[in-house]
Amino acid sequence: MNYPQPGDYINIHSHGDLPTAGIFTLLDLMAHEDVLPVATEGFAYSFGIHPWFLNENNQNQQLKSVRDLAGNPLIAAIGEAGFDKIKGPSMDLQIKTFESQITISEENKKPLIIHCVRAWDELLAARKKTKPAMPWMVHGFRGSPQLAEQLISKGMYLSFWFNYILRPESSDLLRSIPKDRIFLESDGAEVNIRDIYNKVSVDLKMNVEELKSLIIENYFKFFNLKT
């Protein structure tokens with residue numbers, strides 16, 4: 001696995017990026033795409049089953065792909081996995097598939113990256129049922145401070161939806177969250193992670209270099225790496 005270097009910006013969740021000097025990216029690969037990770041400077045990878053692309057016909061094959069690839073040292077995390085009540089198959093299938101990916105995460109001792117849309121009760125129920133030892137991170141978060149507090153109280157990390165985090169109304173939420181649970185992402189959109197860091201650094205009343213150091217520290221803690 002590659003590691004972020006001092007002074008790097010970390011983009012904790014993205015799709016289809018090209019290597020960029022000074023930016024360390026956790027690049028998300030999805031099981032339905034049948035794409036394998038390639039050792040690339042500045043990249044680590046997550047791999048999982050996105051609920052948008054899950055159905056009864058492909059569940060077994062996608063789970064096999066995740067199981068087969070989970071032990072690859074280029075794969076730092078499992079996911080994005082989770083729930084979507086707007087776009088996705090039956091909730092029963094989503095729950096079963098998510099729980100299977102929790103098992104893969106635990107067996108391989110790799111964190112879980114979560115996609116969750118309007119299914120917070122299901123997410124919290126799965127965590128209560130499975131009692132995972134590996135850390136979880138909800139990506140694309142744009143919920144209320146109360147929801148953020150609830151997720152963090154259950155041991156989760158949060159990475160924020162790129163469009164939301166650039167808005168002025170996100171500032172209060174950011175300031176309400178423990179700094180050691182924060183990550184930032186582009187999610188593959190045409191947005192510069194540097195612009196996100198610039199805005200968040202103002203919200204948190206620290207300079208960009210301090211924010212970089214904070215998020216690198218969070219990264220090493222999340223992945224249980226030695227600094």
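This is a predicted model: local features need pLDDT of at least 70, side-chain atom pairs count only at pLDDT 80 or more; totals for chains, interfaces and linings use all residues.
Residues are numbered from 1 along each chain as its sequence is written, and side-chain values use heavy atoms, without hydrogens and water. Local features need pLDDT of at least 70, side-chain atom pairs count only at pLDDT 80 or more, and totals for chains, interfaces and linings use all residues.

**Aromatic pairs.** Rings of Phe, Tyr and Trp (its six-membered ring) pair if their centres lie within 6.5 Å; planes under 30 degrees apart are stacked, over 60 edge-to-face, the rest tilted. The count is 16 aromatic pairs.

Tyr 9 lies in strand 1 (residues 9-14) and Tyr 197 in helix 7 (residues 193-203), 188 residues apart. Helices (H or I, at least four residues) and strands (E, at least two) are DSSP runs, numbered from the N terminus. Tyr 9 and Tyr 197 are both buried, meaning under 20% relative accessible area (1.4 Å probe, protein chains only). Phe 222 and Phe 223 are buried too. Ring pairs join them into a cluster whose members include Tyr 3, Phe 24 and Tyr 157.

**Charges over rings.** The cut-offs are NZ of Lys or CZ of Arg within 6 Å of the ring centre and within 35 degrees of the ring normal. Arg 127 lies over Trp 136 at 4.8 Å. Arg 181 sits over Tyr 157 at 5.4 Å.

**Strand 1.** Of its 6 residues, 6 are buried, so strand 1 is largely enclosed by the rest of the structure. Strand 1 pairs with strand 2 (residues 23-30) in the parallel sense over 4 bridges; pairing needs at least two DSSP bridges. Ser 14 stands opposite Leu 27 of strand 2.

Notes
Buried means under 20% relative accessible area, exposed over 50%, partly exposed in between (1.4 Å probe, protein chains only).
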